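Work through the following exercises with the model open beside you.

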Amino acid sequence: MSEPQAFEVVATRSGVRAMLDRRTGEVMHPLSGPTEEPRSLYVRPSRLEERLGAAEPGSLVLLDVGLGAGSNAAAAWALSEARVACVRKLHIVSFDRTFAALELALAPEHRAAFGLTGTALAAGSRLLDHRQAEGANTVWRASPGELPSTLLDEPPASADIVYWDPFSPRANPGLWSVAAFTALRRLCRDGATVHTYSGATATRTALLLAGFDVGLGEVLPSGRQATVAATRLEDLERPLDRRWLERLSRSSAPFSPDAPADAFARIAGMPAFG
Ligand SMILES: C[S@@+](CC[C@H](N)C(=O)[O-])C[C@H]1O[C@@H](n2cnc3c(N)ncnc32)[C@H](O)[C@@H]1O
């Protein structure tokens, strides 16, 4: 595990507080900060509230890949716990190799800036101490250890929503590979969606090669577009199309290093591009 000093709270260019990982030099939620970005990039696009209100059997399972300072999971927890009439329980599983960023974010002077307020504050503290927290409508469990191996501990076809938020492919290449997304695909049940900030072509092709359908996500403050993947094409609002495929043929960085040699032909033959 990293020491708490591995992380530092810094001010972003827009003036909000965010968590810096000193080892990689990367900042978590660098675009609009740890209270706004979890909602705009993950909670709203995943239609979490609507899906929790659906009369479906069993809990809705959310995989929070990259717990970090806990802001994505805290936003999901807060939404779930705010429901007066709970139709469906939310079960959050947070993956990370370290809890040091969460520990720092829970400090009294930082917690509000990271969305750790109200019941989410108590839940974050409990997760840190006991690796599990339980509320009226929500269970939050930690899966400590090294990704993507820890994905193998989860039951197949069990996840409904995934927030895929590791560091960038430069700092975290193994988590943007065909192998990592194939391990994730195994955990996704029919109707699952995956939400990530990355709009890189190689991220999208790795998701396609792992067996997901893939579409464009939210427009980021940088002007780039996030990515949404799904187990069913009909769940994508803006699926990648033939124009994207044409651009792929001209891309300078089309594939992750572990993509097969015939990756382009495989993708071109997918029904989404037919
Ligand atoms: C961008 S931060 C996540 C931010 C977080 N979602 C939040 O809301 O604060 C990425 C996290 O992924 C974790 N991580 C990166 N590579 C990992 C790996 N191979 N195994 C486990 N955790 C990893 C880092 O420790 C870091 O906490």
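**Exercise 1. The chain as a whole**

Among contacts in the protein chain between residues at least 6 apart in sequence, what percentage join residues at least 24 apart? Describe the overall build of the chain as well.

*Solution.* This is a predicted model, in which local features need pLDDT of at least 70 and side-chain atom pairs count only at pLDDT 80 or more, while totals for chains, interfaces and linings use all residues. Residues are numbered from 1 along each chain as its sequence is written.

Step 1. Two residues are in contact if their C-beta atoms, placed from the backbone, lie within 7 Å. Among the contacts between residues at least 6 apart in sequence, 70% join residues at least 24 apart.

Step 2. The protein chain has nine helices and 11 strands, where helices (H or I, at least four residues) and strands (E, at least two) are DSSP runs numbered from the N terminus. Its radius of gyration is 18 Å, close to the 19 Å of the globule rule for 274 residues, so the chain is as compact as a globular protein of that length. That radius is taken over C-alpha atoms, and the rule is 2.2 Å times the number of residues to the power 0.38.

Step 3. Along its principal axes the C-alpha trace spans about 55 × 45 × 35 Å, and 41% of the 274 residues count as buried. A residue is buried if 20 or more other C-beta atoms, placed from the backbone, lie within 10 Å of its own, exposed if 12 or fewer do, and partly exposed in between.

**Exercise 2. The strand β11 and its partners**

Determine which strands pair with β11, and in which sense they run.

*Solution.* Two strands pair if DSSP finds at least two bridges between them.

Step 1. On one count, β9 (residues 188-196) pairs with β11 in the antiparallel sense over four bridges, and β10 is joined to β11 by five bridges, again antiparallel.

Step 2. A229 in β11 is the bridge partner of V194, and V214 likewise stands opposite A229.

Step 3. β10 and β11 form a hairpin with five residues between them, and G223 in the turn has a positive phi of about 95°. As for cover, five of the six residues of β11 are buried.

**Exercise 3. The nonpolar core**

Which residues have the most contacts inside the largest nonpolar core?

*Solution.* Step 1. A nonpolar core is a set of buried Ala, Val, Leu, Ile, Met, Phe, Trp, Tyr and Cys residues joined through C-beta atoms within 7 Å. The largest such core has 73 residues, and A76, W77, V162 and F212 have the most contacts inside it. The largest share of this core, seven residues, comes from α3.

Step 1. Beyond its neighbours within four places in sequence, F212 is in contact with F181, R185, V194, L207, A229, A230 and T231. F181 and R185 are among the buried residues of helix α6 (residues 178-187), and what covers the buried residues of α6 includes β4 (60-65), β8 (159-164), β9 and α7 (201-209).

**Exercise 4. The shell around the ligand**

Which residues come nearest to the ligand?

*Solution.* Step 1. Of the 21 residues around the ligand, G66, G68, S71, R97 and L147 come nearest. The elements that give two or more residues to this shell are α1 (33-43) and α3 (71-81).

Step 1. By class, the shell has 10 nonpolar, seven polar and four charged residues. Here Ala, Val, Leu, Ile, Met, Phe, Trp, Tyr, Cys and Pro count as nonpolar, Asp, Glu, Lys and Arg as charged, and the others, Gly among them, as polar.

Definitions and conventions. Near = placed C-beta within 6 Å.
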